[in-house]
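This report looks at how some side chains pair up in a protein chain. The sequence and the structure are shown first.

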Amino acid sequence: MRPIVYLTAIALGIFGLGAGIEPDSKIEIFWGVFMPWTVAAIELFIVYRLRGKTPQLMTKILMTGFVGRMIIFGAYLLIIFNFYSFAPYPFMFSFSGSFLAFHTLEASVLKSLY
């Protein structure tokens, strides 16, 4: 489960960097990092639990996770933008940066597993 530790370190790094650059937007930066981190940690946990199974099952899980991730992120962004008053730029930069960083980490983990 070492990649989850790396995932958390990256999340804290992104939050620290964003909070250092824009100290007034710590809450927006936190919410921008929180959901991508949560989804990536859950997906990595499931991948590690199923890593010895057949590749077809892993592909099915990854495709289901991708569709679920897009639905969750769409609903999350819809809720955040409609019901929360905040500065959108720090949120979107932290959200997109953490999404890309976590997706890259997941890809490297999957490559190392197979």
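R69 and E106 form a salt bridge, with their closest N and O atoms 2.9 Å apart. This pair joins distant parts of the chain, since R69 belongs to helix α3 while E106 belongs to helix α4 (residues 88-113), 37 residues apart. The model is a predicted one.

**Charged pairs**

Side chains of opposite charge can pair when their charged atoms come close. In the whole structure, a search finds two salt bridges. Besides the pair with E106, R69 also meets E43 in a salt bridge, at 2.3 Å from N to O. Here too distant parts of the chain are linked: R69 is in helix α3 (residues 55-83) and E43 is in helix α2 (residues 26-49), 26 residues apart. Together, E43, R69 and E106 make up a network of salt bridges.

Are these residues buried or exposed? Both R69 and E43 are buried. Buried means under 20% relative accessible area. R69 has 5% relative accessibility, so R69 counts as buried. E106 is buried as well, because its relative accessible area is 6%.

**Aromatic pairs**

How many aromatic pairs does the structure hold? There are twelve. In one of them, the ring planes of F73 and F95 stand at 80 degrees, so this pair is edge-to-face. F73 lies in helix α3 and F95 in helix α4, so the pair ties together parts that are 22 residues apart in sequence. F73 is buried, with 5% relative accessible area, and F95 counts as buried at 8%.

The rings of Y76 and F91 have their planes at 45 degrees, so this pair is tilted. Y76 is in helix α3 and F91 in helix α4, so parts 15 residues apart in sequence are tied together. Y76 is buried with a relative accessible area of 11%, and F91 is buried at 1%.

| Ring pair | Distance between centres | Angle between planes |
|---|---|---|
| F73 and F95 | 5.3 Å | 80 degrees |
| Y76 and F91 | 6.3 Å | 45 degrees |

Ring pairs also build a cluster, made of F73, Y76, F81, Y84, F86, F91, F95 and F99.

**A patch on the surface**

Y84 is also part of a nonpolar patch on the surface, together with I27, F30, W31 and F34. The accessible area of this patch is about 430 Å². One of its members, F34, is located in helix α2. F34 has 31% relative accessibility, so F34 counts as partly exposed.

Notes: Residues numbered from 1 in each chain as written. Predicted model: local features only at pLDDT ≥ 70, side-chain atom pairs only at ≥ 80, totals over all residues. Heavy atoms only, no water. Salt bridge = Lys/Arg side-chain N within 4 Å of Asp/Glu carboxyl O. Helix = DSSP H or I, 4+ residues; strand = E, 2+ residues; numbered from the N terminus. Buried < 20%, exposed > 50% of the residue type's maximum accessible area, 1.4 Å probe, protein only. Patch = residues over 30% accessible without salt bridge, like charges linked within 9 Å, V, L, I, M, F, W, Y side chains within 5 Å. Areas by Shrake-Rupley, 256 points an atom, 1.4 Å probe, with all protein chains shown as cover. Phe/Tyr/Trp six-rings, centres within 6.5 Å; stacked < 30°, edge-to-face > 60°.
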